[in-house]
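Try each task before reading its solution.

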Amino acid sequence: MLCSLVIFTAAVQEAAGLKKGPEAVEKWFKKLPEAKEKVTKLHFYFHDTVSGKNSTAFVLAQSNITSTSPTFFGVFNVADDPLTIGPEPDSKIVGRAQGIYGTASLEEIALLMTLNFVFTDGKYNGSTLSVLGHNPILHKYREMPIVGGSGVFRLARGIATAQTVWYNRSSNNAVVEYTVMVLHY
Ligand SMILES: *[C@@H]1O[C@H](CO)[C@@H](O)[C@H](O)[C@H]1NC(C)=O
Ligand SMILES: *[C@@H]1O[C@H](CO)[C@@H](O)[C@H](O)[C@H]1NC(C)=O
Ligand SMILES: *[C@@H]1O[C@H](CO)[C@@H](O)[C@H](O)[C@H]1NC(C)=O
Ligand SMILES: *[C@@H]1O[C@H](CO)[C@@H](O)[C@H](O)[C@H]1NC(C)=O
């Protein structure tokens with residue numbers, strides 16, 4: 001009884017791609033030739049709060065031209081921003097966007113995004129996706145590459161499309177809608 005229970009638990013964990021540790025990852029790689037690639041769509045809202053009591057993004061450093069630059073060139077923030085199901089501030093949190101972003105264009109206001117989406121809910125709990133992209137924040141749609149992932153998203157690649165829902169010019173706080181399409185196994 002105990003034995004079959006253990007096997008059952010292992011199978012369920014494996015199906016969910018959640019078996020961890022170096023041996024589990026090695027086994028996963030060995031089975032890769034038989035694995036089928038699939039497409040997953042994720043949709044969530046990114047709350048970037050840079051000022052006020054509930055800030056989740058903070059300035060790390062800035063260049064000596066930031067204050068006089070028309071594009072605010074060279075200011076970098078570190079963020080641990082909530083990702084939620086809906087755009088409302090009290091919407092259910094499904095993950096965090098943890099990382100660094102900063103203004104990296106002398107021509108227009110555009111960010112270099114280097115961050116991880118760290119999922120904390122449901123079947124993606126504990127899995128991550130890594131973003132490395134160009135984000136010209138005043139454009140309607142911004143496309144950023146998903147360059148990898150972990151857990152359920154091992155070897156993921158894809159595209160995140162960002163669209164600003166709400167932006168407060170005086171506080172610089174924003175809510176951004178993200179639709180992510182990823183290929184993974
Ligand atoms: C900060 O968060 C708390 C708890 O969610 C909320 O009650 C409060 O209104 C928020 N404050 C601001 C300035 O947004
Ligand atoms: C910024 O720093 C560099 C190197 O120290 C210096 O050459 C330059 O004059 C500074 N620029 C401004 C606007 O302060
Ligand atoms: C996500 O996983 C962590 C660690 O395994 C666990 O503590 C937590 O309760 C899970 N959260 C949800 C919402 O399932
Ligand atoms: C925008 O930010 C300013 C400054 O923090 C604040 O006073 C104002 O209420 C905010 N506007 C909205 C619509 O939240």
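Before we count residue classes, note that Ala, Val, Leu, Ile, Met, Phe, Trp, Tyr, Cys and Pro count as nonpolar, Asp, Glu, Lys and Arg as charged, and the others, Gly among them, as polar. Keep in mind that this is a predicted model.

**Exercise 1.** Find which residues are around ligand 4, and sort them by class.

*Solution.* Next, look at the polar atoms. In the side chain of asparagine 168, an N or O atom is 2.4 Å from an oxygen atom of ligand 4. For serine 170, a polar side-chain atom lies 3.4 Å from an oxygen of the ligand. Finish with the area: ligand 4 taken alone exposes 360 Å², and the protein buries 31% of that.

**Exercise 2.** Work out how β7 is joined to β6 and to β8.

*Solution.* Take β6 (residues 128–135) to begin with: four bridges join this strand to β7, and the two run antiparallel. One bridge pairs threonine 128 with serine 150 in β7. The hairpin from β6 to β7 passes through six residues. Now turn to β8, which is antiparallel to β7 and joined to it by five bridges. Here isoleucine 146 stands opposite glycine 158 of β8. In the hairpin of β7 and β8, glycine 151 has a positive phi near 65°.

**Exercise 3.** Decide whether valine 152 is buried or exposed.

*Solution.* First locate valine 152 in the loop between β7 (142–150) and β8 (157–167). Its relative accessible area is 14%. Buried means under 20%, so valine 152 is buried. Lastly, the C-alpha atoms of valine 152 and serine 127 are separated by 5.8 Å, although these residues are 25 apart along the chain.

Note on methods. Residues numbered from 1 in each chain as written. Chains lettered and ligands numbered in written order. Predicted model: local features only at pLDDT ≥ 70, side-chain atom pairs only at ≥ 80, totals over all residues. Heavy atoms only, no water. Buried < 20%, exposed > 50% of the residue type's maximum accessible area, 1.4 Å probe, protein only. Near = heavy atom within 4 Å. Polar contact = N/O pair within 3.5 Å; in protein donor to acceptor, adjacent residues only side chain to side chain. Areas by Shrake-Rupley, 256 points an atom, 1.4 Å probe, with all protein chains shown as cover. Pairing = 2+ DSSP bridges.
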